[in-house]
Amino acid sequence: MLELSPSAQQILVLTVTFLVVLALFWERIKPSVIFFGAVICFLLAGVVPTEALLESFSNESILSIFLLIFITAAVNDHFNLLGGLDRLFGNARSPRAFTLRMTSGVALISSVMNNTPIVALMIPYVYRWAKKRGLHPSRFLIPLSYAAIVGGMITVIGTSTNLVLNGLIASKGDPILEWDDFLWLGLLVTVAGVLFLYFIGYRLLPDRADVLEELNEQTREYLVETRVPPGSSLVGQSIASASLRNLKGIYLFEIARKGQVINPVAPEEQLCENDSLFFAGDTENVIELIRDGNGLMLPTAASQREPLSNVVEMVVPANSLLIGHTLKELNFREDYDAAVIAIHRNGEKLHGKIGEIYIKAGDLMLLSAGRNFDKRVNQNRILYPVSVVQKVQESSPWQRRWFIFLFLLFMGLVLGGLLDLFTGLLLVTSALVLLGLLGIADLKRHLDVELLIILASSLTFSRALIDSGAAVMVAEGVTSFFGMWGILEC
C-alpha cells in the first residue's frame, strides 16, 4: 500500500473524482464497476483504510434501503394497489383534477415507500387512464416523477438519498437526522410542488403523442386458441345460439376439426367435441373470453394452469433463442413455467395452433406465468416484458391483515422513539417472511448486488473526499471565489 503526502492524496482524490464523472457520462462501463474501481484506487493509495469499505457494506442506512425494497416488493405483490389507486383517482372529472389527486397520492405513498417501484407501478396506470379518456400521457408523466421526488423528502425513509446521507453522518460519528428533521420542511416542499404542478406546471406540460403511445393506439389483434372440451354445454349448438357471434372486441375466424379447417365460420355452423376455435381480438377482450366460463377452455398446455394466474405481455427480442422454433419444439411450458395464451404479429393474420406457430422477432405474447417464470426468462433473456395484464394475489386476507397490524405497530414504535429505524424495518421484513408474504426466492430476486456495491462504494468515496482534505480544499476554493462579491448578512 502506498503512503502519499496529504497534498498528493488530495490531487489523487480529485483526479479520480473527475474520471468517475467522465466515465458515468460515457456510459460504457457499469456504474458499480466505476465506483468500486475508484474505491480500490483509494485503498491502494492508503487514502482510506480497508475497514472503511467493510463498514460501508454493513452501514445500517444502506441496509435499510434494501429492507425498504423488500417491503415495497411484498406490498406490490400481495396488496391490490392498482385497485386502491383506481378508487382514489379513477373518477376524477378532469385532467387537472386527476393531476392533483395523482400527485398528492403518489407523494404520500412515496414518503414511506421506495420511489422507483412506485413510479414503475404508476406509469402503466397513468397510460391506461389517459388512453381511456383520449388524452396524451405526456401531460401526466412528469408530474408523476416530480411527485415521487418531493414526496420522498417528507421522511428519512422516503428516498434512498436521505438514507445514504444519514449513513454518511453516522459513519462520522455525528448525531443522525431524525424524523422531525425532514417532516415539516418536506411537507412544505411537497405541498408547494403539488400546487405548482396543479396551477402552473399543468399549463407548461407537453401535449403530444410519443412513439410508445402511437404504438399502443394500434390495436394488437391477438390470436387465441380455445377448445370445446367433452361434455361442454356448447356441443351441438350453432355459433349463433352459443353467442359466439358479435362478441365485443373479439371475433371467431376459424375452426379446426379433425384436420379440417373451417374458414370463414358461418353462424349456423354446429360445434363438436374437441373443436379448436381460433379467435382474434385485443388484449383485454382475449382475457375476458378465456375466463368467462362460456364452455370453452384453453388448449391442454395452457389449461393445466387454469384458473389463470399472473398474465403478462412479453415481446420476442431480435436475439431470442425462440426465433425459428415452435413452442412445442421448445417444450416451452415445462422449461419456462408459463403457458402462451395468445400471439400477436404486427397486424398479420396468424393461423393454426399456437404451439405449432414458428416464432419470429417482434412477436407479442400473452402468457399465464408461474412462480418460476421471471427467474428462468431473466437467465436466458428470451423475452422482454411489455406490461402486466393480470396479477393474482396468492396471499389470504388474514395474512394481509396481520401484516398491516404489525407494520403499524413497529412503525409506531419507531416514531415513538422506542425502536431505531433499522430495527423497525428489520422487524417488518421478518413479519413478512414469517407470514409467508416474502420468501427466500423473493429476497434473492430483489437483492440488487450492483446497487449495494454502488451505495457502499459511494460512502467510502465520500469518506476519501473528507479524510484526504479534498472536500475542504474545494469548499474553500468556492467560498474564496464567490467571496469577492462580499458576504450577505441575514
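Guide: A word is needed first: a cavity is a set of grid points where a 1.4 Å probe fits but cannot get out, and lining residues have an atom within 4 Å of such a point. Please keep in mind throughout that this is a predicted model.

Visitor: How many cavities of 30 Å³ or more does the count come to, and what volume lies in the largest cavity?
Guide: Rolling a probe the size of a water molecule over the atoms shows where empty space is left. Applied here with a threshold of 30 Å³, the count comes to one cavity. The space in the largest cavity is about 60 Å³.

Visitor: How does helix H1 pass helix H20, in a left-handed or a right-handed crossing?
Guide: The axes of H1 (residues 6-26) and H20 (residues 449-467) come within 10 Å and cross at roughly 145 degrees. On the H1 side the contact is made by Val13, Val16, Thr17 and Val20, while H20 brings Phe461, Ala464 and Leu465, and these residues divide into six nonpolar, one polar and no charged. The crossing of H1 with H20 is left-handed.

Visitor: How many residues apart in sequence are the parts that the pair of Glu55 and Arg463 ties together?
Guide: Side chains of opposite charge can pair when their charged atoms come close. The structure holds nine salt bridges, and in one of them the side chains of Glu55 and Arg463 meet at 3.5 Å, N to O. Because Glu55 lies in helix H3 (residues 50-57) and Arg463 in helix H20, the pair ties together parts whose separation in sequence is 408 residues.

Visitor: How far apart in space are Trp179 and Val414, C-alpha to C-alpha?
Guide: Trp179 has its place in helix H10 (residues 179-204). Leaving aside neighbours within four places in sequence, Trp179 is in contact with Thr155, Val156, Ile157, Val414, Leu415 and Leu421. Although Trp179 and Val414 are 235 residues apart in sequence, their C-alpha atoms are separated in space by 9.4 Å.

Visitor: Which residue is joined to Asn263 by a cis peptide bond?
Guide: The residue in question is found in the loop between strand S3 (260-262) and strand S4 (276-281). Omega of the bond is about 0 degrees, and the partner of Asn263 is Pro264.

Visitor: What is the value of phi at Lys258?
Guide: Lys258 is found in the loop between S2 and S3. Its phi is positive, in a residue other than glycine, and lies near 50 degrees.

Notes. Residues are numbered from 1 along each chain as its sequence is written. This is a predicted model: local features need pLDDT of at least 70, side-chain atom pairs count only at pLDDT 80 or more; totals for chains, interfaces and linings use all residues. Side-chain values use heavy atoms; hydrogens and water are left out. Axes are lines fitted to C-alpha atoms, for helices over the stretch in contact, and angles run from 0 to 180 degrees between N-to-C directions. Helices (H or I, at least four residues) and strands (E, at least two) are DSSP runs, numbered from the N terminus. A crossing is left-handed if the near helix is turned anticlockwise from the far one by less than a right angle, and right-handed if clockwise. Contact means heavy atoms within 4.5 Å. Ala, Val, Leu, Ile, Met, Phe, Trp, Tyr, Cys and Pro count as nonpolar, Asp, Glu, Lys and Arg as charged, and the others, Gly among them, as polar. On a 1 Å grid over the protein atoms alone, a cavity is a set of points where a 1.4 Å probe fits but cannot get out, and a pocket is an open set with protein on both sides within 12 Å along at least five of seven lines; lining residues have an atom within 4 Å of a point. Grid points are joined across faces, edges and corners, and a volume is the space filled by probe spheres set on the points. A salt bridge is a side-chain nitrogen of Lys or Arg within 4 Å of a carboxyl oxygen of Asp or Glu.
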